[in-house]
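Hi everyone, thanks for making time.

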Amino acid sequence: MLVNTHILKLRLVLPLMVLAFSVNAQNREWELEACIDTAFVHNKNILMAKNQTDIAGLKNQEAKAQLIPKLFLQGDYRYYTDLPYQLLPQAAFGGQEGIFRPIQFGVPNNISANLSFKMPIYDPQIMGGIKVSESYEALSFLQENKSREQIYLEISNLYYNAQILKNKLAFIDKNLENSQKLQKNIQLLYEQTMIQKTELDKVVLQNQQLQTQRSQILRQYESVLNLLKFSMGIEADRDFDVPTTIHSPEEESLESKNTIDILIQESRYKIVQQELKTLHNSRIPQLSLYGNYGTTGFGFNGEPEAFLDFYRVSFVGIQLNYPLFSGTVMQKKIRAKKYELANSQLQKDFVNEQTHVLSQNARQQQEQAKQQLQTNLSQITLAESVYQRTLLQQREGIASLTEVLLADNALRDSQQQYLSAMVEYLTATLEIKKLNGTLLN
């Protein structure tokens, strides 16, 4: 009775253990979207790009803050060991014209405290700086998206590479299983002295080669998973795997938007335009409002009476600054900026033309890989059927071992061609999404 109770418990526990293992295996497998979302949160390159965007935003706020009035508090104390001299004309006291007399006057202790302010009323340099900083902020945001796009491609390529390697392992495991069955059959024939040892050695060698190939691909698979975890920004020792089934990205329509590279070049061209305009506007007068409120103290600590008296001083004014001649420095800056603008235009045209050519090539590669995939799938089915028939014929003594090995090699070649075509198709599809400007959508 006790034994029956234990058996009943095992029957209840074992299915639960199998279910728990199955759930854990599924939890280990990450979908591509989850990998990309994790990388967008933890990848250090994206975090640094986001910081650069925040810095550009603060630079824009800094430029706008130039329009806010500035207040300055200044204090000064001076003790004159020698009082300053002034030259008094003798004619002011009835003396001879053109004769001056040096006189020291004042007190040794001088104290001053002033509160001054300055506010630009019109300054084309500040206004130009604000527009340029706004454009730099927009450029930084585009560069942040560029970093996201690069990480998207990096994660996708690593993810698909891992899936391809996992499919290679699956193919090798199945081929190895078939080859081991063949080895057992050949071993029996050899033991019955129906075949030569050379034929057995051929099958043994094939199994060893498959085992070696499996070990190499397994190491590559683990290396790709480590790189994928690094790009995602997660721990290297985290339990992680990818599913075997490959879900290829959706094909893109012919409609497209400007790529991030094109938008970046347009933003850079706009910045150079604004900088050139700011240089031209530097010839426009600057108008500022300024003022001062303070007090000045004069002190004396000698005989017959010591004193320290304070007197207020305040004023407001408008300042006009008009550059008349800058030594041709500004003209040279303007000429250099025009060359920079011309280069920016050339770079923008180059990126547009390059994007068009790359897009055409990627679509051709995608279409060719798509057709190749369909062909390879039918070839795998056919090669597997040929291998099974040849193996059956070999057991019946109709086909030779060489024909079986040739059929096995044909099956492996068709599998390899299928995986190569899948890599080309996935790469081309991602490239098209990038060149259409829809990768991050």
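Some ground rules before we start. This is a predicted model, so bear in mind that local features need pLDDT of at least 70 and side-chain atom pairs count only at pLDDT 80 or more, while totals for chains, interfaces and linings use all residues. Residues are numbered from 1 along each chain as its sequence is written, and side-chain values use heavy atoms, with hydrogens and water left out.

Okay, charges. Side chains of opposite charge can pair when their charged atoms come close. For us, a salt bridge is a side-chain nitrogen of Lys or Arg within 4 Å of a carboxyl oxygen of Asp or Glu. How many salt bridges does a search of the whole structure find? It finds 18.

Let's look at Asp-173 and Arg-214, whose closest N and O atoms are 2.6 Å apart in a salt bridge. Asp-173 sits in helix α4 (residues 124–191) and Arg-214 in helix α5 (residues 197–232), so this pair ties together parts that are 41 residues apart in sequence. When I say helix, or strand later on, I mean DSSP runs numbered from the N terminus: H or I and at least four residues for helices, E and at least two for strands.

Now go to Lys-197 and Asp-201, which form a salt bridge at 3.0 Å, N to O. They are four residues apart in helix α5, so about one helical turn separates them. Lys-197 is partly exposed at 43%, and Asp-201 is partly exposed at 35%.

Next up, Asp-408 and Arg-412 meet in a salt bridge at 3.1 Å, N to O. They sit four residues apart in helix α8 (residues 401–435), again with about one helical turn between them.

On to the rings. A pair of aromatic rings is described by the distance of the centres and the angle of the planes. Rings of Phe, Tyr and Trp (its six-membered ring) pair if their centres lie within 6.5 Å; planes under 30 degrees apart are stacked, over 60 edge-to-face, and the rest tilted. The structure holds five aromatic pairs. Phe-298 and Tyr-311 are a tilted pair, because their ring centres are 6.0 Å apart and their planes are at 50°. Phe-298 lies in strand β5 (residues 286–300) and Tyr-311 in strand β6 (residues 307–321), so the pair ties together parts 13 residues apart in sequence. Phe-298 is partly exposed at 32%, as is Tyr-311 at 46%. Then there are Phe-300 and Phe-307, tilted as well, with centres 6.0 Å apart and planes at 35°.

Charges can sit over rings too, meaning NZ of Lys or CZ of Arg within 6 Å of the ring centre and within 35 degrees of the ring normal. Arg-148 lies over the face of Phe-40, 5.2 Å from the ring centre, and Lys-348 lies over the face of Tyr-269, at 4.3 Å.

Now find Ile-246, in the loop between α5 and α6 (260–281). Ile-246 and Leu-426 are 180 residues apart in sequence, and their C-alpha atoms are 9.6 Å apart in space. Which residues is Ile-246 in contact with, leaving aside neighbours within four places in sequence? Counting heavy atoms within 4.5 Å as contact, they are Tyr-160, Gln-163, Ile-164, Asn-167, Met-422 and Leu-426.

Last stop, helix α3. The buried residues in α3 are Ile-46, Ala-49, Thr-53, Ala-56, Gly-57, Asn-60 and Ala-63. They cover an arc of only 120° around the axis, which puts them on the same side of α3; that arc is taken from the directions from the helix axis to the C-beta atoms. What covers these buried residues includes α2 (32–42) and α4. The face turned away carries the exposed residues Lys-44, Leu-58 and Gln-61.

Definitions and conventions:
Buried < 20%, exposed > 50% of the residue type's maximum accessible area, 1.4 Å probe, protein only.
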